Amino acid sequence: MWPIGRGDRKFWIAVVVLSAMVAAGFYAYIYQLQRGLWVTGLNQKVSWGFYIINCVFFIGISYGGAMTSAILRLTNAKWRAPLTRLAEATAVAALLVGAVYPIIDLGRPDRALHLLLYPQVGSPIVWDLVAVSTYLVASFVFLYLPLIPDLAMCRDTLGPSAGRVRRTIYRVLALGWRGEPRQERSLARGIGIMAVLIIPLAVSVHSVLAWLFAVTARGGWHSTIFAPLFVLAAMLSGVAAVILVVAALRKVYGLQEFITAKHFRYLSYLLIALGVGYLYFMVSEYLTEAYVLERSTTPVLEAIFEGVYAPAFWVFTVGGLVLPLVVAALPGRFAIARACTGSALIIGGMWLKRFLIVVPGMAEPVMPWDWGRYAPTWVEVTITIGSAAAIPLLLIVFFRFFPAMSVHEMEEVEGAELRRTSMVPAFAGGGDE
Amino acid sequence: MTGRLSRREMLGVLGGIGTGALAAGFAPIAFPEADAAEPGPKRQWAMVIDLRKCDGCKKCTEACQAEHELPASFEWIKVFQVKDAQGNEYNMPRPCFQCENAPCLRVCPVAATFQTGEGVVLVDQDRCIGCRMCMAACPYGARYFNYNEPPGHQHPFQHPTPEHPVPQQKGTVGKCMFCVHRTEDGKLPACVDACGMGALYIGDLVEDVATNGQETVRLSQFIRENDAFRYKEELGTGPRVYYIAGHGQLWES
Amino acid sequence: MSKVRRLAAVCGLSLIVSLLLAGVAVAADQRAVLFLETRPSAKPEQGYVLAARLVATDGRPVNEATVRFYDLVEFFGAREMLIGSATTDGQGIATLTYLPAQLGPRAIVAKFAGRAGVAATEGRASLAATVAAQPYTVEPAPLSAFSSKVPYAVGAIVLAVWALIGFALIGTARGVMTGARKEGKGQTA
């Protein structure tokens, strides 16, 4: 979307702009650290807000890796080949950002170690800690293993201009890869294990995040469908994020000949399937609650269908779910533009949906008092923007040093002959030192 | 080559053992359960609130805030003005219910909230990390988060304990603890002492007695004769506060 | 002479009136005595019967009188816990069945609040309780036997997952490294 191209200047401009946003986020956090959580819009009734929303949102975005890379790998969908690296890297970047948010939300982050020293196994937050850390490690491994052959290619093709430190890193991380059959077998087995493992891990992470809400007795939260709902929402937002990242970096790194409209059409199909599934889960949840109209759930339903949160809810349902699916499903031209529009709307809608889960659930009266109210302050908004900027920053820095497409996989799957010269453009700024 | 391989291997194995040990450390820690009452005289604190006598003066709230140096937004015992289905209003004081099956106990990630042998749920503000999961889990809204430093006096030599959490610590959660720091000295809880209508009774389920400072009743009898109920007990929380239904009729002339 | 007689008459009259009034007063303040005794109930599981006999000083029983029974407890100070009330019958006896909450010695007080013509009075007795009500127990949470085992099962699964990840990473690394041709391009560990 923004043509960085091979010129270093545009790369550095992007890095500076994104870093400034991230730095602003850091500043806002330090401000909060010094003064206390009263600088946020949180209060006694609504004690969870933007930070928890963002935690769920960003971890949800990381599901693109599991979906695109793992599931497509296991179903042997050949069209995945140019996309897996981008998807896996996005997953790790989004996960790193999302996993930091619970720390940002803590009232006493200086005591974060207590989570490791005195964990109580019955607590959903401990489940969260175990699941997210396991998933983070697994995502790193799942990113690294398919990277080994490409690192070997970097080791072999990049000349002395790449710098000694960089070449040493490539050599070390490549583990002596030569493309020999025995090595291929080892690698295939390792990647296969991780591909199988990362799917239940991904399911477990968002299920645990859902149970953070669903194991409380609050009307808007105590729903059995929360875990599947969250997992599907995460997959949806993950695939949408992958579409956006792939479209952007395809333009930036000039990968048009490898990633075509066909890929976007197939990704759109995935998006539509997940979106329709999500709609189904939503209907199931609201129908069962709205039919009985229990006193515990009815206030939340009223608030999101007709009340204070109705604008957000209908914007999400129509503009963030139905409309993008329709746009993506339309046949015809501009597949990439339609897929990107749909994805952007879905990502925005998914953030809104997380907001609609957290805030009305907290604001709903649990005692005979008034509804709670929540309005974020500049601290929360700045940290949100900073963390959102951190993901593209991490990605473009990562792809400065590592290939944006999995050469090995593309050769293996599509039989393309992609060595050397044709892959140099895959590096942002590669070969220009 | 072999030497280097085994070093890498060893690092991997050590890493695996380390993380395995970390994960294994989680396993033996069980859910905290309320101590089963042993046969013998062990107290189990409870309260009875007579809604026929409450006039909504909120002296209980003020006394509690004064006793624990709380900010005005902290109403550990909060008096609700409730409107029933017919539109009639009555006052309902709500302390923490010290639930036998407390949701806040289960969800605390660091076991900062615990239940004493006498049934009171306390918060260790030295351990609390301020995640506020307990506040999300409490169905009675009885827990309060210290977004800021509490107002009040300086206590240079007093470090707050779970039994006497004064002053409150910023960034942690606090709640009504049946004034265990007073009851262990034989003093009535601050709210019971301050109630001018005698609507709040502090009681012991084991000794089967309750008093509001003036009159003393047999707890089980008082509850049964007045058809006392517990609030939202269908949630399975096992609250220890009994309400006698009413609308302040005993102080209306 | 008539003055003296008038004075005597007034004195005598006032003496009679005051005597009458005193008599009335004495009659209004008639004392009563309350004898309290405790005995085990006919059905042992019902505990004890507290019998309060209210007798006026002239020996006549006081009937239709409300007697309140208290158990002395040490709860935030010494307090009298109301355990019930009963009305005296024709013999002036009021009974209450009482099953104490705890075993051991107890001190019972029965009080008569007084009414027109009878002064308030009280009587005390001690009770050595060898029978008591079921003690209050805190039930363990439902399903706790099952839910206490779940962490172990989940912990085992988590360990297995970490082991698999470790194997995938280390096994692949080993496989790749041992499959490499030795060309002097060694790696640092």
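**Where chain C meets chain A**

Reply: Happy to! In this contact, chain C takes part with 24 residues and chain A with 27 residues. Please keep in mind that the model is predicted. Together the two chains bury about 2,200 Å² between them, and carbon and sulfur atoms give 71% of that area. On the chain C side, three residues stand out: C:Ile165, C:Thr172 and C:Val176 supply 24% of what chain C buries against chain A, more than any other three residues. The side of chain C that touches chain A is made up of 13 nonpolar, eight polar and three charged residues.

As for specific pairings, zero salt bridges are counted between chain C and chain A. Polar contacts do occur across this interface, with three residue pairs found where both partners are at pLDDT 80 or more.

Now to the cysteines. Over all chains, the count of disulfides is zero. B:Cys54 shows why: its closest cysteine sulfur belongs to B:Cys60 and lies 6.6 Å away, too far for a bond, given that a disulfide needs two cysteine sulfur atoms within 2.5 Å. B:Cys60 is likewise in no disulfide, and its nearest cysteine sulfur, in B:Cys57, is 6.4 Å away. In terms of accessibility, B:Cys54 counts as buried because its relative accessibility is 9%, below the 20% limit. B:Cys60, with a relative accessible area of 7%, is buried as well.

Conventions:
Residues are numbered from 1 along each chain as its sequence is written. Chains are lettered from A and ligands numbered from 1 in the order in which they are written. This is a predicted model: local features need pLDDT of at least 70, side-chain atom pairs count only at pLDDT 80 or more; totals for chains, interfaces and linings use all residues. Side-chain values use heavy atoms; hydrogens and water are left out. Contact means heavy atoms within 4.5 Å. Buried area is the accessible area (1.4 Å probe) that two parts lose on being put together, summed over both. A salt bridge is a side-chain nitrogen of Lys or Arg within 4 Å of a carboxyl oxygen of Asp or Glu. A polar contact is a pair of N or O atoms within 3.5 Å; within protein, one must be able to donate a hydrogen and the other to accept it, and residues adjacent in sequence count only if both atoms are side-chain atoms. Ala, Val, Leu, Ile, Met, Phe, Trp, Tyr, Cys and Pro count as nonpolar, Asp, Glu, Lys and Arg as charged, and the others, Gly among them, as polar. Buried means under 20% relative accessible area, exposed over 50%, partly exposed in between (1.4 Å probe, protein chains only).
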